[in-house]
Amino acid sequence: MLKAVLYGRYSSHSQNDASIEQQFADCRRFAKDNDIQIVGEYADRHLSGTSDKRPEFQRMIKDSAKGHFQAVICWKVDRFARNRYDAATYKVRLKSHGVKLLYAKETIPDGPEGILLESILEVSAEYYSANLAQNVKRGLMDNAKQAKVANSLPLGYKSDSSKKYIVEPIGAAIVKEIFELYDSGVSYKDIVKILNEKGCRTKNGTPFSKNSLYSILKNERYTGTYIYGDIRIENAIPVIVPIELFQRAQERLRKNKRSPAAAKGHVDFILTGKLFCGHCGDAMVGESGTGKSGRTYYYYKCRTQKKTRQCDKKPARKHEIESLLLEMTIKNVLQDDVIDTIARAAVELQLRERENSPLKGFEQ
């Protein structure tokens, strides 16, 4: 009895392709009708046949040299390859190992007629793939010229029924917080920690990392600029991050790239993003300095004073301002009557917003 293996392939881009399970069912019926014994199966899922970079396909070709089977059964010609060069190359390799190629749903006769028919089927498969790729590319370019969704959506956006960009409120809030924290001087490491502790997730549903943070901070789409390949359309999609905030983030990214060691020796500045200059209203950012004795001092400094010196606010010592805030919080906030007032206000706000609350988004 002839021994054979089954090879199946499924491309996620070809929505009408039969599933591998359906392919194998037809292949098993073919094997039974032709008295062939099946001794193995190989399946590549979500991989195109236009390339030979398919792990199971390569494993099958390698195993064909071991002499364990004498035939490979595919559902149709295009399951083996959608590229004439690959089809010819790997059929020769199988033949050199004494292995022939059979198709469950296409009958290829022996002789010259069979060679011609198989070649025509291979050319048709290659044409189908090339034509499909061209049509898909044309459709994406047409969408891009109309500022429609033509590639993966970044965190904070979703598409409407006409494929236009609209804001996804939960993701957009996360994106804006990332820019504001980074702009106020918080390090990558701390931003990642803050987001993950709050249960925030990336577009893919995974915890945040330095890489995912960097990709968000560099994404110009958040300023309202539509980008696809060489196509750029200003003010074409909803703005999540004001252009001034985005530009400040880019400037800090450039500085950190020039002096990466500046992020070392980190000390927690717990008021970052919460403390603002009483003179000009800009954020107060963490700073450190070394005295004559060699001792390191930590303080909060007005960002405007630091950058342009157009504010006369003097730095505030870290320990003093944090201790003062803690003392004032205990004295003025953590009192029964104040806590009751805050609790009532929070409940009233929650009740007012319940109707429009994006509950599913928060659960995610």
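With a relative accessibility of 46%, Arg45 counts as partly exposed, a class that lies between buried (under 20% relative accessible area) and exposed (over 50%), for a 1.4 Å probe and protein chains only. Glu21, at 49% relative accessibility, likewise counts as partly exposed. This is a predicted model, in which local features need pLDDT of at least 70 and side-chain atom pairs count only at pLDDT 80 or more, whereas totals for chains, interfaces and linings use all residues. Residues are numbered from 1 along each chain as its sequence is written, and side-chain values use heavy atoms, with hydrogens and water left out.

Glu21 and Arg45 form a salt bridge in which the closest N and O atoms are 3.2 Å apart; the term requires a side-chain nitrogen of Lys or Arg within 4 Å of a carboxyl oxygen of Asp or Glu. Because Glu21 belongs to helix α1 and Arg45 to strand β2, the pair ties together parts that are 24 residues apart in sequence. Helices (H or I, at least four residues) and strands (E, at least two) are DSSP runs, numbered from the N terminus.

## Helix α1 and its buried side

Helix α1 comprises 14 residues, 20-33, and its span of 20 Å from the first C-alpha to the last is close to the 20 Å expected at 1.5 Å a residue, where the expected span is 1.5 Å times one less than the number of residues. Its buried residues are Ile20, Gln23, Phe24, Asp26, Cys27, Phe30 and Ala31. They lie on the same side of α1 because they cover an arc of only 160 degrees around the axis, as judged from the directions from the helix axis to the C-beta atoms.

The elements packed against these buried residues are β1 (2-10), β2 (36-45), β3 (71-74), α3 (77-80) and β4 (100-103), contact being heavy atoms within 4.5 Å. On the other side of α1, by contrast, Lys32 and Asp33 are exposed. After the helix comes Asp35, which has a positive phi, near 55 degrees.

## Other salt bridges

Across the whole structure, a search finds 16 salt bridges. One of them joins Asp183 and Arg303, whose closest N and O atoms are 2.7 Å apart. This pair links distant parts of the chain, since Asp183 is in helix α6 (residues 169-183) and Arg303 is in helix α10 (residues 303-307), 120 residues apart. Asp183 counts as buried at 12% relative accessibility, and Arg303 is buried with a relative accessible area of 10%.

Within helix α11 (residues 318-332), Glu322 and Lys318 are 4 residues apart and therefore separated by about one helical turn; their side chains meet in a salt bridge of 3.2 Å, N to O. Glu322 is buried, with a relative accessible area of 14%, and Lys318 is also buried, at 14%. Elsewhere, a network of salt bridges links Glu56, Arg59, Asp63 and Lys66.

Strand β9 (residues 284-290) runs antiparallel to strand β10 (residues 296-302), and 7 bridges join the two; strands pair if DSSP finds at least two bridges between them. Ser288 stands opposite Tyr298 in β10. In this hairpin 5 residues lie between the strands, and Gly294 takes a positive phi near 95 degrees.

Strand β10 is also joined to β11 (residues 316-317), again in an antiparallel arrangement, by 2 bridges. Here Tyr299 has Arg317 of β11 as its bridge partner.
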